[in-house]
Amino acid sequence: MPTLTIDGITVEVPAGTTVLQAAKQAGVKIPTLCYLEDVQSIGACRVCLVEVEGARTLVASCSQPATDGMVVKTNTGKVRDGRQMVVELLLSEHDGDCQVCGRSADCELRTLANDLGIGDLRYEGEKTFRMIDDSTPALIRDTGKCVACRRCVTVCNEVQEVGGLFAQGRGFATLIGPAFAQNLSDVVCVQCGQCAAVCPVGAITERNQIEDVWDALDDPTKTVVVQTAPAIRAALGECFDYAPGTLVTGKMTAALRRMGFDAVFDTNFTADLTIMEEGTELLVRLKKALVDGEQVALPQFSSCSPGWINYMEHFNPDMLGNLSTCKSPQQMFGALAKTYYAEKIGVKPEDMVVVSVMPCTAKKYEAARPEMTASGVRDVDIVLTTRELGAMIKQAGIDFRSLPDEKMDAPLGISTGAADIFAVTGGVMEAALRTAWEIVTETPFPFPNLHVAPIQGLEGVKVASVKVEGAKGDWAFLEGAELKVAVAHGLGNAQKVIDMVKNGEAEFHFIEVMTCPGGCIGGGGQPRFTTNEVRMKRLNAIYAEDEHRELRKSHENPFVCKLYEEYLGAPCGEISHHLLHTHYFEHDRV
Amino acid sequence: MADVRSHFLICTGGGCIASGALDVSNAMREELKARELAGEVDVVETGCLGPCVQGPVALVYPDGVFYQNIKVDDVPEIVEEHLLKGRIVERLVSHAPGTERTQAEMEDIPFFNRQVKIVLRNSGIIDPLNIDEYIARDGYQALAKVLTSMTPEQVVEEVLASGLRGRGGAGFPTGMKWKFAQAQDNDVKYILCNADEGDPGAFMDRSVLEGDPHSLIEGMVIGAFAIGAHQGYVYVRAEYPLAVERLEHALGQAREYGLLGQDIMGSGFDFDLEIRMGSGAFVCGEETALMTSIEGHRGEPRPRPPFPAVSGLWGKPSVLNNVETFANIAPIILKGSAWYASTGTESSKGTKVFALGGNVQHTGLVEVPIGMQLGELIYEVGGGIPNGKAYKAAQLGGPSGGCIPKEHLNVPVDYATLQELGAIMGSGGVIVMDEDTCMVDIARFFLEFTQEESCGKCPPCRVGTKRMLEIVERICNGEGEEGDIERLIALGETISQTALCGLGQTAANPVLSTIRHFRHEYEAHIKDHYCEAGVCSTMFKARCSNACPASVNIPGFVSLVGEQRYDEALKLHRERNPLASICARVCFHPCESKCMRASLDGALAIRQVKRFMVEQEKEPQLPEILHDAENAARKVAVVGSGPAGLSAAYFLCRLGYRPVVFEAEPKAGGMLVQAIPAYRLPRVELEREVKMIEDMGTTIEYGKALGKDFTLQSLKDEGYEAVFVAVGAPQGMGIGVPGEDGPGVYDGLSFLREYNVSGKGEVGKNVAVIGGGNAAIDAARTALRLGAESVKILYRRTRAQMPAWGEEIDAADLEGIEIMTLVAPEEILRDASGKVTGVRCKEMALGDYDRSGRRKPVAGHNPDFVVEADTVIAAIGQKLDAPAVLDGTPVELNRWGYLGADPDTGQTSVDWVFTGGDAATGPASVVEAIGAGEKAAAAMDEFLTGANHAFWRRDVEPPTYFDPDADPELVDRHAVEELAVGARVTNFDEVELSWAAEVAIAEAKRCLRCDYGKYCVTKES
């Protein structure tokens, strides 16, 4: 255990600790920029420079191992000068239209400049080459704002293993972006937005669609309904200075109502519906495989996460058949809103506008997919991220913190705890298991507090196996079967599971994949800044929401049952097939 | 090897191949075959011999004769004369610098005989494609020794003891690096060779790879054994195809011979080596970036620690050395560390290979003991600076290095000393720069390189160097701002402290080092928009005018002469320099040394064109004058009627003043009349231009000496509002040896003044003139004309170091004056009656380089000798008795004891007193004094009126015809015509003659018109 002194404070740290981590332990705050806890500590930005006795130059504390007897100083004139100059240089290349930049409120560069006391800019000159890439429905890249911190590169290559962004060129012309300075739409980008989530400045952001929503709300001929994804309620509060993990479901509902939406609904409703459809689909696949001896694609992969779908279409087109054909809850909602609900209230689909609030940027892409028009028109018209909703509430002049808690509208706003946990990694799987178990065995789901512990938490790949006991009726063939499931979040982890399957290392029946680390609570559209600590807080909030519900299983959702009775018939039936299921396409792997 | 009587070793290094070595080689084989000599003479294509600029080069053994610049057509002659008849082909061998003396044998040539070849031991001597030739020269014996009789620890100890430091740049002890890696407990380790060699102008590693690839392989196998590696990589840039090809070939041979692969030499040790090609990113020379690149990623450095010795390539312990380092290993092992450590300095052992480039005679590759003096490296090995130019600086260490100015030519080239001076050893690139190099521009060049090659990972390097580059570019473009130098220093120093890797940490070095040694150039660019070297072309219209202290529009008047528009030409000249006729005779024409035509067929003879121009003047015409009653009424004084005073008076008149010039002597002209002999400047010419200035409104009062007949205060008391003090530096200096005082010994200035002013002068029969400047030559030639039978000039340095102008020295020579150099007077000998009988002299030799960049004369070893003389004239310098002149007026003096003044205005610390010329600068040239007079006149006017009215500084573009698309025809510079020696040494008739019109016009038309269509940013505009 090395012992070192930092600014005169002696700390003992575990071997392998960096100076930055040791300083944190000593209560010394060192500013950082390119550093991404657990993800990137490459010493690139030089903001975390410190003075180490005996070192020839200043050293980057994020990559410097703490060694025994080391003497570190973090607040000397030399350190302050070095950090200031580094940040001043970044400001000098950066297209700093802060007043109108979408990132001004949470821009890390701006905060750094402020924290370091940078007054005037001593260095002026050529700015970074500016190129706006608005080629995708989800993301906008503005190279002029990029400070080349490499966070997006690392997340895209090492966490998501997509490889859509690279450093290229040299010197001042170094450019971060898709290879050969192409647009995102020309490469394998899955539009997950993890790059936008980690970008410290406004160089990669979601495509802002706030104005489209205002236009719809202002249009008296339109019926505008909104759905909010399960992960929003555990994160939206952060836009209003609530601590991460604060649930704001009621205030969010109230805010949406005040903004003028004609109905405030919940994607949770279609999450419950997804369980009905996807669970049934799995059972059918299993039956075909085990009873009928048919060739069916197993394991079945979950299909709620559009970044994941894009990833499969780009990287594993040979396994598209393994993806559940269920649309994501967002798209199921859109299809139902403009059919079932529209008929109910007597509005033509073309006069209805469906707005989604999603923790995700890929949802913008998903909603724009040409096949997502089950209602005859585009099913989901506009997708906002959590961050955009936060901004809209502020624009509307709503004092969020003083809002009362309100309830969502029926029927499409009613849901169960199983839908809540769609927001977290392992949640879809757990929700499916809760329902599947009870359908198959007609006995209560036997897990304590209804949680399947092995698939909870932030481990990258989680596996579990459930032995079926007491299978009834049609499902008797499952009696005694070991249902093997796997859960992965983050596409790099997903690929690991796929490789396990392809290599025959492991056998699974059902695999849940969420694109973003932690699941939707860590989505690319969530308030910044999402660390593992923040993920855990949001995750706990989601489980709390679930646990406080009376109804915690999707098949218990009365309005879902009613929907089947009134409109859909049976899960995976004819109408379901038309409205709630989809198909996939192979993409070029550029 | 076949039994042959001769070997013709032709260099086939990259440089010689580029200049046609392969054709020569083929022609030689053909010729030998045709003459049926193929069995007697063997042609061997070798690696680099070093003197690349001389290529193709070849060595003929056993005679050791070195041929250079061989053309295919020369081959029959070499065969016929040398290989058949044994006669050296003299025209193809080297000559001692500045002489016709040939030095045919390699060991006679300073370029070779001062080298010590360890790394390049085989290069140029063996066929790099033949492993047997390497083995024949003890190749792979070191490896055999290691594998059969040494432990890895012993190998590391031996390398450690040798003191070998990494030759790639930073100079980290190689043995230490190996020791760290050896200590790592890991089954997989790598040994890597950096052959990326990205420094511009560096090609040491390429030469080893091309000329002796096995020396690298052997070094690497030994290194692998020492650290316990079984796989190695040579990372070589793809731009080195020949090196790659020869290394590949060598690797194949080594495998075939069992020197690579499994169970090497039956020792049980396995090791193999692969080549990895880099795509030419400079940063891939940085070790972690290089490893990242080998791993298949974008070559970017990563933070250290972990150090590569612990976690390098693919996270395994790795040792990276460069080619030159590895090439040292086998000799160290074979001959022992003590042998190796006997070469070099205390802290830097062995030799270093340098690539000499830039403005040096022998550009090429040399290997010298570490610690050789920089001056020796450049002047003795490198042959000095070509084209008679002066050394300015050497850039050592490539783009990460720094410049070493002439003040430090004395320093030993070793790691520590270079670092102290702000340079580094680097990989061994030495770029020599002469006086025509602008140091700001050089800094810009290197910074541009590093900026472009930055990997872009860290902001200090990516953005910081860009900001520095922008500032430097701005300065070069004449748009520098106050504070830019400080900004550059602050940025540079912080970048060095904050950047991620060595590239960034050293990127600012070229700027910091040039600011350190050449700050005045930065200041001149920023404050005066002046690029002394004539490089930063946005700041001037033509290099000649830029070099002219009086800023004469040279292309303008020259082109007007070319169109026979003589009056206009002269008028244009006198816009900036009134003393056209005087300058046509005595100007040392700095313009000509900057003439672009010099690179074509010889500099334009600008002074001679001027001479012809002034000869055409019929009636002196007055220039444009601003008549101003207020100015005319103001009293302004000029003290001294030398070139500075006359020039000031002239420009004051042009502004409407009516200045009074006070002159101590009875004749106007200062040094022009007192010191410069009439054979150079006929008095009628001087009088004509003085009269012109008088006609413009100047009054000259003779016999009025400042400090004697009047004082500055008395002028003020008389109502003079501004005074220009241009009293020159009129006192001659003594030599300070015994016997100096007494009759027969004169100071040069007094001697010249005596004759020039009074028309009388006497000398003895034997005259000895001491000194090497123009005054010494003038005194000597005057003495000759006054009837001396023998005139000798005694000078303590060499002829090349004489400060007098070359053409004056040549003229003295021609007139029979004996110039004795490396001679210092010790005593003036007198007989009993006190009559001078001679000068006891000491023979001098050249010692170390002094701060002026010249080798200091030091006492030689031979006994003193006597130069007989009855008259001794000591012309060793001039001075000013400033306190006497100032007589209490509190004008501050500068550090040399002259009157301190703002160089732009001539204003002194007493605001109404201005000064210029020799009084402010010490002895300088006529044209500098004229320029100073102009500046002072404009400044005095501004002082008096509050505004600058120097209307003549406007940019005038005479409408002459010029076709910018026409290719210039080659026409040699026309020679100066002179009186025959016999017709001139007995009188004071002007020696130089004017040209006939057609010659002058033809010469004028040689002007390339560099100024054509150019816009420039000057301070004045």
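Arg401(A) lies over the face of Tyr242(A), 4.1 Å from the ring centre. A charge counts as sitting over a ring if NZ of Lys or CZ of Arg is within 6 Å of the ring centre and within 35 degrees of the ring normal. Lys394(A) is placed over the face of Phe240(A), at 5.5 Å from the ring centre.

This is a predicted model, where local features need pLDDT of at least 70, side-chain atom pairs count only at pLDDT 80 or more, and totals for chains, interfaces and linings use all residues. Side-chain values use heavy atoms, leaving out hydrogens and water, residues are numbered from 1 along each chain as its sequence is written, and chains are lettered from A and ligands numbered from 1 in the order in which they are written.

Rings of Phe, Tyr and Trp (its six-membered ring) pair if their centres lie within 6.5 Å; planes under 30 degrees apart are stacked, over 60 edge-to-face, and the rest tilted. Here are two examples.

| Pair | Centres apart | Angle of planes | Type |
|---|---|---|---|
| Tyr340(A) and Tyr567(A) | 5.2 Å | 55 degrees | tilted |
| Tyr755(B) and Phe988(B) | 4.6 Å | 20 degrees | stacked |

Tyr340(A) and Tyr567(A) are 227 residues apart in the chain, and Tyr340(A) is buried at 5% relative accessible area (buried means under 20%, exposed over 50%, partly exposed in between, with a 1.4 Å probe and protein chains only). Tyr755(B) is buried too, at 18%, as is Phe988(B) at 16%.

Finally, ring pairs join Phe301(A), Trp308(A), Tyr311(A) and Phe315(A) into a cluster.

Terms used:
Helix = DSSP H or I, 4+ residues; strand = E, 2+ residues; numbered from the N terminus.
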